[in-house]
Amino acid sequence: MKLILLGAPGAGKGTVAKQLTQLDGSVQISTGDILRGAVQAGTELGKQAEAYMKAGDLVPDELIMGIMEKRLQEPDCARGFLLDGFPRTIPQAEQLTELLNKLGIKLDMAVNIDVPRDVILDRLTTRRTCSNAACQAIYNVKSNPPKQEGICDKCGSPVVQREDETEEAISHRLETYNEKTAPLIGFYDKAGLLVTVNATSSEAVIDAIKAKLNR
Ligand code: AMP
């Protein structure tokens with residue numbers, strides 16, 4: 001399947017994407033994970049992105065498009081992909097349309113995961129993430145804690161609160177979402193690709209996606 005996952009930070013895009021990869025071998029492509037990996041590795045990309053990310057601002061479109069142009073041409077994308085956290089602005093969406101046309105790739109749909117703001121705020125403040133850049137498993141101190149406190153079940157690395165998940169950065173990220181990313185809902189609606197799912201559980205979102213894909 002070839003999907004875009006839209007939704008505010010904390011809507012569950014990452015969790016849904018990880019579960020969808022199990023269905024047909026499609027790969028999850030999370031620009032946030034790629035950028036955090038680059039920051040941790042201290043690469044040139046990481047150095048350019050770090051300050052924006054820490055403040056809860058978007059990284060410039062040119063950097064993101066550079067990453068995605070390469071990533072979408074890697075062989076593992078042939079089986080399908082789940083775009084998680086990309087596109088995030090109208091210019092990114094327009095450039096993605098051009099890129100996919102150039103590569104002869106057709107999207108199945110853009111899924112807007114619509115979750116109430118109070119749920120989002122609660123999730124983001126209680127979310128914890130594996131600090132290992134190659135893992136980045138997601139936990140929640142209330143609803144899905146690691147078996148051993150502070151240690152990732154999957155790889156044994158420390159599980160931490162992301163630097164951009166302080167209350168201040170979260171509220172800035174949500175403002176940025178409303179201003180820059182929410183307009184993509186209209187963009188994909190016009191393109192005839194939009195499916196909106198109002199659901200707070202990842203299982204319900206996945207069932208809705210499967211029903212739309214007729215699987
Ligand atoms: P995420 O893990 O998707 O919440 O992304 C974390 C941070 O990475 C965001 O707050 C942005 O600073 C940056 N980022 C991730 N994806 C994008 C994107 N498509 N465009 C611009 N910045 C991004």
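The model is predicted, so local features are taken at pLDDT of at least 70 and side-chain atom pairs only at pLDDT 80 or more, while totals for chains, interfaces and linings use all residues. Residues are numbered from 1 along each chain as its sequence is written, and side-chain values use heavy atoms, with hydrogens and water left out.

Let us start with α1, which covers residues 13-24. Helices here are DSSP runs of H or I with at least four residues, strands are runs of E with at least two, and both are numbered from the N terminus. The 12 residues of α1 reach 17 Å from the first C-alpha to the last, close to the 16 Å expected at 1.5 Å a residue. That expected span is 1.5 Å times one less than the number of residues.

Which residues of α1 are buried? They are K13, G14, V16, A17, L20, T21 and D24. Seen down the axis of α1, these buried residues fall within an arc of 155 degrees, so they line one face of the helix. Buried means under 20% relative accessible area, exposed means over 50%, and partly exposed lies in between (1.4 Å probe, protein chains only). The arc is that of the directions from the helix axis to the C-beta atoms.

Contact means heavy atoms within 4.5 Å. Just after α1, G25 takes a positive phi of about 80 degrees.

Helix α9 has 12 residues that should span 16 Å at 1.5 Å a residue, and its end C-alpha atoms are 16 Å apart, which agrees. S202, V205, I206, I209 and L213 are the buried residues of α9. They cover an arc of only 95 degrees around the axis, which puts them on the same side of α9. Their packing partners are β1, α1, β4 and β8 (194-197). Just after α9, N214 takes a positive phi of about 60 degrees.

A204 also sits in α9, and at 31% relative accessibility this residue counts as partly exposed. A204 and V16 are 188 residues apart in sequence, yet 9.8 Å apart in space, C-alpha to C-alpha.

## Helix α3

In α3 (residues 44-55), the residues G46, A49 and M53 are buried. They cover an arc of only 80 degrees around the axis, which puts them on the same side of α3. This buried side packs against α2 (31-41). The face turned away from it carries the exposed residues E44, K47 and A51. Following α3 comes G56, with a positive phi near 80 degrees.

## C-alpha distances

Here are the residue pairs side by side.

| Pair | Apart in sequence | C-alpha to C-alpha |
|---|---|---|
| A204 and V16 | 188 residues | 9.8 Å |
| G192 and M109 | 83 residues | 8.3 Å |
| Q48 and T200 | 152 residues | 34 Å |

G192 is found in the loop between α8 (183-190) and β8, and is exposed, with a relative accessible area of 63%.

## The second largest pocket

About 390 Å³ of space lies in the second largest pocket. Of the 18 residues that line this pocket, the closest to its centre are R36, V39, Q40, R162 and E163. The elements that give two or more residues to the lining are α2, α3 and β5 (127-130), and α2 gives the most, with 4 residues. By type, the lining divides into 5 nonpolar, 7 polar and 6 charged residues.

A pocket is an open set of points on a 1 Å grid over the protein atoms alone, where a 1.4 Å probe fits, with protein on both sides within 12 Å along at least five of seven lines; lining residues have an atom within 4 Å of a point. Grid points are joined across faces, edges and corners, and the volume is the space filled by probe spheres set on them. Ala, Val, Leu, Ile, Met, Phe, Trp, Tyr, Cys and Pro count as nonpolar, Asp, Glu, Lys and Arg as charged, and the others, Gly among them, as polar.

## Backbone details in two loops

P87 lies in the loop between β3 and α5 (90-103). The peptide bond from F86 to P87 is cis, with omega near -5 degrees.

Q136 is found in the loop between β5 and β6. Although not a glycine, Q136 has a positive phi of about 55 degrees. Is Q136 buried or exposed? At 4% relative accessibility, Q136 counts as buried.
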